[in-house]
Amino acid sequence: MMRYKEEKEAKKEAFRKYLESNGVLDSLTKVLVALYEQNDKPSSALEFIQQKLGGPSLSEYEKLQAELSDLQMKYNDLLSAHQETCKELEELKNSHSFTSTEEMTNGEAPKDGTQN
């Protein structure tokens, strides 16, 4: 039982060192101090912390989500139009190739006036 506690404490200490070495503890401490020093406490402490850590506010996030959705729809429309244009181009190439081959097999001279 004692060994389990020691392993658990060792894991906690390793995790604390990890957070400290990556600047997480320092950043969180600064944000919490800033929140503590606010005379007028924000209505959402979590949103305050997110903003201080560089994340978007809820309204900014919602705006970005709407913009992403709009851009995805535009992308889908453009992709569909592109695919249709590629299909039309391929059909034109095939019909032009077929016409040229047909002209040659019917014994017609090429349009540039040269003979076979």
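1. In which helix does Ala45 lie? Ala45 lies in helix 3. With a relative accessibility of 36%, Ala45 counts as partly exposed, because that class sits between buried (under 20% relative accessible area) and exposed (over 50%), with a 1.4 Å probe and protein chains only.

2. A word on the source. This is a predicted model, where local features need pLDDT of at least 70 and side-chain atom pairs count only at pLDDT 80 or more, while totals for chains, interfaces and linings use all residues. Residues are numbered from 1 along each chain as its sequence is written, and side-chain values use heavy atoms, without hydrogens and water.

3. The protein chain has four helices and zero strands. Its elements read α-α-α-α from the N terminus. Helices (H or I, at least four residues) and strands (E, at least two) are DSSP runs, numbered from the N terminus. Of its 116 residues, 5% count as buried.

4. Helix 1 covers residues 2-21, which is 20 residues. From first C-alpha to last it reaches 28 Å, close to the 28 Å expected. The expected span is 1.5 Å times one less than the number of residues. Gly23 follows helix 1 and has a positive phi, near 80°.

5. Helix 2 (residues 24-37) packs against helix 3 (residues 45-52) at about 130°, with axes 10 Å apart.

6. The contact (heavy atoms within 4.5 Å) uses Val31, Leu32, Ala34 and Leu35 of helix 2, and Ala45, Phe48, Ile49 and Lys52 of helix 3. Seven of the contact residues are nonpolar, none is polar and one is charged.

7. Back to Ala45. Ala45 and Leu32 stand 13 residues apart in sequence and 9.5 Å apart in space, C-alpha to C-alpha.

Note on methods
Axes are lines fitted to C-alpha atoms, for helices over the stretch in contact, and angles run from 0 to 180 degrees between N-to-C directions. Ala, Val, Leu, Ile, Met, Phe, Trp, Tyr, Cys and Pro count as nonpolar, Asp, Glu, Lys and Arg as charged, and the others, Gly among them, as polar.
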